[in-house]
Every structure is written in C-alpha cells, then in structure tokens.
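Hi,

Here is the model I promised to pass on.

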Amino acid sequence: MEWWRDAVIYQIYPRSFQDSNGDGIGDLPGIISRLDYLQALGVGAIWLSPVYKSPNADNGYDISDYREINPEYGTMEDMERLIEEAGRRGIRIIMDLVINHTSTDHYWFRQSRDRTSEYADYYYWRHGEGDGGLPNNWTGFFGEDCWEFDPERCEYYLHLFAKSQADLNYHNPAVLEEVKDILRFWLRKGVAGFRCDVINILWKDSLASSRRKLALTGSEHYLSLEGTHEILRQLREVLDEYGAFTVGETVFVTPEQARDLCGRDRGELNMVFSFEHMECDQYFLKWFKRRFQPKRLFDCLVKWQKELEWNTIYLENHDQPRSISRFGSEAYWKESGKLLGTLLLTMRGTPFLYQGEEIGMLNFDFTRMRQLNDVESKNVEKVLRRFHLPWKLRWKIIAKTSRDNARTPFQWSGATGAGFTDGRPWLGINHNSETINLAQQEEDRDSILHWYRDLMALRNGSEVLRRGEFVPLEAGKQVFAYQRVLGEERIAVVLNFSDKPAHVSHRGEVIRSNYGRDSFDGALSAWEAVILKQTASPSSTPGGPRSETVGAIDDHAEGDAEDR
Ligand code: TEU
Ligand code: CA
C-alpha cells in the first residue's frame, strides 16, 4: 500500500539513456542493461518518458499508437522483459500517459478527417471565423497559434502543443472509453502506474475567444476544470482495479487546485508535479529569466511543503534546464551538486531523480540552433525573430531555457560517445563528458554519485526522512534550514546556497556533511550541506511548528544545550 511514499523514483528519457545497437538512439535493451546500476543506486521505480510508437515531432509526446513500442526503442517483447527484469530487482515501471493529444499520425486522427467516420468527433474540429480567421484567439504552449487547417476535412483542429499534436475531445464519451482500454492494456502487462502528461488541461469547457494575454490566451477555458476532475475520477476506478499509482503533470496549479487533484479523499491522482518552484527564476514566462535568488526558491518550497500533505519533490526533468547550472554554481560544481541532491532527498514527499542529475550533468554547451532538436526551442526562436530580437539576445534566451539542456545523452564514461553509443548520437554529447561521467565517479569515493547513493540509502533506511513532518527553521537570503520530525526523532538539514560562507545557530550531531566534517559549530563554507541529528527539546511539540511563520529564527537551535 502506498509504496510510492517510500520510494525514490528515477526518470528515464529513453532516447538519451543508453543505446545498445549503435544507431545513436537510446533503447529498451539499453535500459535493461543498466538496471543493476539503478538497483544499486537505490531506485524504487522508474518513470519512462514515452516509448510508444511516434513520429517524434515532440520525441514521443506525440503518440501514433498507444499499444505499440516505437521500433527505434525495441519491441513489445523488450518492454515485457524490462518490466520483468526491473520487477526482479524490486523496481516498478511507470509509463508516461499522454492523453491530452495524439499525433496527427494516429489512426483516430486520420479517420477523423472524414466527417462521416465514427472518429469524426474524437478531436476539436471547427470552422474558421470570417475570412481566413481562426476559430478562436487562443494561443498554444509552444509559442504559436493553436489551430491548424486540414485541407481534407476543410476545417481547423485544435492543438495546444505542436501542430502534429491534436487535442482529444473529451466531450465525446467514446474518447474516455478508449483511454480506459489503454490503461487496462498496460496495467495487465504489469506496469505500476502512470505519469499523466498535462493532465489538468483535458477538459475544455468552451472554445470561446477570450481577452488577449501575454501567453496562453484562452487558458481559463481548460485549466483544472470540474470536467477534468470527473475524468480523473473515472480513470481512478480502472486504476483501483490494479492498485495503480498516478502522478499528474499539472501546469499552472495553485496549492489549492493541487489538493483538489491529489487530495487523499478525492479519488483522483496520487500526487502532482507543480511548477511554481520552477518559475522562481523567471518573470512570468520561462523565456524571461531573472537572476536566481535562493530565497524565492526556499519560500516556494516551504509553501508547498506546508500546503500539501504529500507531494512530489523534483529539481529536474526532461523539460527543465539542469539544476546545478540553474540553482547551483558551476564553479562549485561538486559542492553545489551534492547540496542540491541533499535538498531533493531530505524534503517531505516522493523524490523524482532525473537521469544524469546523480552525476551532476550540466546544461549543454550548444552554440547554434542547428544543434538543437527541441520543437519548442525552434518555434520560440522563430517567434523571437518575428519580434526582431537580435541573434545574440535570441540565443541567450534559447541557451538558458532549451529543453535540450537536459536531453543530451547520459555520460557513462569519458570515451567517444560517452559510453552512450558507438555510433552518432541523435543529440550532441556535452563536451564535459571527459570529466563529468559515471565511470570516473564510480572510482572517486568523494563524487556526487557516491553522495547520492549514500543519501538514498540513508533515506531508504530512515523513517523520519521518509515520513517525518517538515518543519522550516530558516529561509534567508542564502541559507535554507529545516527539520524532519517523527516522534522523538529530529533531523535538521542546513544548506548554504552561496559561494560565500555563512553562519547559523543550528547545532546537532553531524550525520552527513559535503565537506566531510565530523562536528559542526555553525560555520558553513561555500555550498555546504550538513545533515544533523538533534534531540527533541521538551518545549517543542512534534509536528506542531508546521504552522509557524518562516524566516531567520535565531533562537531555534533546540538541540543546542543537550548536544554539548
Ligand atoms: O509538458 C508540458 C508543459 O507545459 C511544459 O513543461 C512544456 O514542455 C514547456 O516547457 C512549456 O513552456 C509536457 C511534457 O513534459 C513535454 O515534454 C511535452 O512536450 C508536452 O507536455 C506536450 O506533450
Ligand atoms: Ca539504439
């Protein structure tokens, strides 16, 4: 029951994880060959980004057949073998479920072009407005209009993402029945659950035009509406037949909306990926980056820790830049890599670790558009050009935000091809693979990899780290400190998000320090992370301080007196 509260889940982007046949594309046999590595790391489940048949306009997030494996990745037999081999190692498999849209290559869509077919209403088809006008004024997620004209049907179809990702019409009940069958198909194969792509936008209440906004005009017609809750409740009935788990990717959710989507009593999702902490280094949209101020991240994390009884914890995925490049310091690569790992693995919730994060992979060192594959980056570059932004500025924006930053091949070794492939990789390999790679870090006891492995073992073996309450101690300009509390047990985590030293009042017995300290007097070096064991003071009630306001709480070093 609720195994997902105790597991660390590892996200694999199959295309970039491990190639087994030299075609430069990661595949299922490649993943199978690395299961021992993941088991030794302490992973409890794998979330696989899409491996279904797809023309790859958006690397698998445009599915053309939900019941087939993309031949580039292998066969259905390989997939069954992966589920079995992972299971043998105590690792569950979670599939990516992309049901807001399908590829326009999907059989349903191709049939749908014919108004008389039984699939005619599987998508949102509309006539244009007036002469050449689109059906409404909505804008999509990838910086374009979201209507495309189909010459065969002589109508437009809605696509909130790329042109070849057509939105499914849930006003037609047949669509939901199809989705239920797809769930059953995979659950019968033994998958443990699903990560549900953009799941809070399924239901569109109307297709009316709305007031122009800087982005996502029209989103009030589809963000987290009651129709979506109803769909999720229906899917839950199927999932419950198999005891399956779901985590929803939910764009633009507030904590309140998140509770409605994954609260224990709601019978919808088990947890959600919220985006607010991923937005703390931007103005309004991800294209307008602002200087990273750690306090903004801390405040946001604390808010979500308090507002939800349980949720996901993540700092990276296949859509986000690498966390060291973003929240850490490349100058203090190792220290800040370990510090971010400490944050990920000691907060309350289910940590999601993205491939390569455990060896401190950094943003890609691209220099030109030609090296990019990401459909979003390409579209946005076009839009920026339309606004006459000079190349230098365009490039600055793209380089910082491109999703390809996290999609470069996993750096297994310092060899050509980085141990990822013997052939030509589908996306460039970071030049730093000679120094940042798994083989090197296996040898080095002091590596980021060993730190992750050690902290995952610590968490897996510690009930207070897995299940304890989260109590914020300090969220200042550079220091973030919090406790995990369970009964009499107290663990404090103190993190210095800066190249500069710091001093704090928290004390305790050192359990882990990324500077190898064995005692702690409050002085923190650059990017230092310490985990302390504290003793409960009689005055503090376990779980009580959760409602406390957060800030520098100077006289809060409760373990102080007892520990000396
Ligand atoms: O992403 C949805 C999403 O809204 C963003 O993360 C998006 O990728 C972009 O960064 C917005 O600026 C999910 C998937 O994770 C993503 O890979 C897919 O491209 C997208 O849905 C469409 O299926
Ligand atoms: Ca391959």
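Some housekeeping before the details. This is a predicted model, where local features need pLDDT of at least 70, side-chain atom pairs count only at pLDDT 80 or more, and totals for chains, interfaces and linings use all residues. Residues are numbered from 1 along each chain as its sequence is written, chains are lettered from A and ligands numbered from 1 in the order in which they are written, and side-chain values use heavy atoms, with hydrogens and water left out.

Now the overall fold. The chain has 16 helices and 24 strands (DSSP runs numbered from the N terminus: H or I of at least four residues for helices, E of at least two for strands). Its radius of gyration is 24 Å, close to the 24 Å the globule rule gives for 564 residues, so the chain is as compact as a globular protein of that length (the radius is taken over C-alpha atoms, and the rule is 2.2 Å times the number of residues to the power 0.38). Along its principal axes the C-alpha trace spans about 80 × 55 × 50 Å. Of the 564 residues, 63% count as buried (under 20% relative accessible area; exposed is over 50%, partly exposed in between, with a 1.4 Å probe and protein chains only). Among contacts with a separation of 6 or more, 69% are between residues 24 or more positions apart (contact means heavy atoms within 4.5 Å).

On to the ligand. Ligand 1 has 19 residues around it, and Asp 58, Asp 197, Asp 319, Glu 376 and Arg 403 come nearest (near means a heavy atom within 4 Å). By class, that shell has 7 nonpolar, 3 polar and 9 charged residues (Ala, Val, Leu, Ile, Met, Phe, Trp, Tyr, Cys and Pro are nonpolar, Asp, Glu, Lys and Arg charged, and the others, Gly among them, polar). Oxygen atoms of ligand 1 lie 2.5 Å from a side-chain N or O atom of Asp 319, 2.7 Å from one of Glu 376 and 2.9 Å from one of His 101. Taken alone, ligand 1 exposes 490 Å², and the protein buries 94% of that.

- Glu 268 sits in the loop between helix 7 (255-262) and strand 13 (271-273), and counts as buried at 2% relative accessibility. Its side chain makes polar contacts with the side chains of His 229 at 2.7 Å and Arg 233 at 3.2 Å (N or O pairs within 3.5 Å; within protein, one must be able to donate a hydrogen and the other to accept it, and residues adjacent in sequence count only if both atoms are side-chain atoms).
- Gln 483, in strand 19 (residues 479-486), is buried with a relative accessible area of 1%. Its side chain has a polar contact of 2.7 Å with that of Gln 534.
- Tyr 157 belongs to strand 9 (residues 155-158) and is buried at 5% relative accessibility. A polar atom of its side chain lies 2.6 Å from the backbone oxygen of Lys 163.

Cheers

Definitions and conventions:
Areas by Shrake-Rupley, 256 points an atom, 1.4 Å probe, with all protein chains shown as cover.
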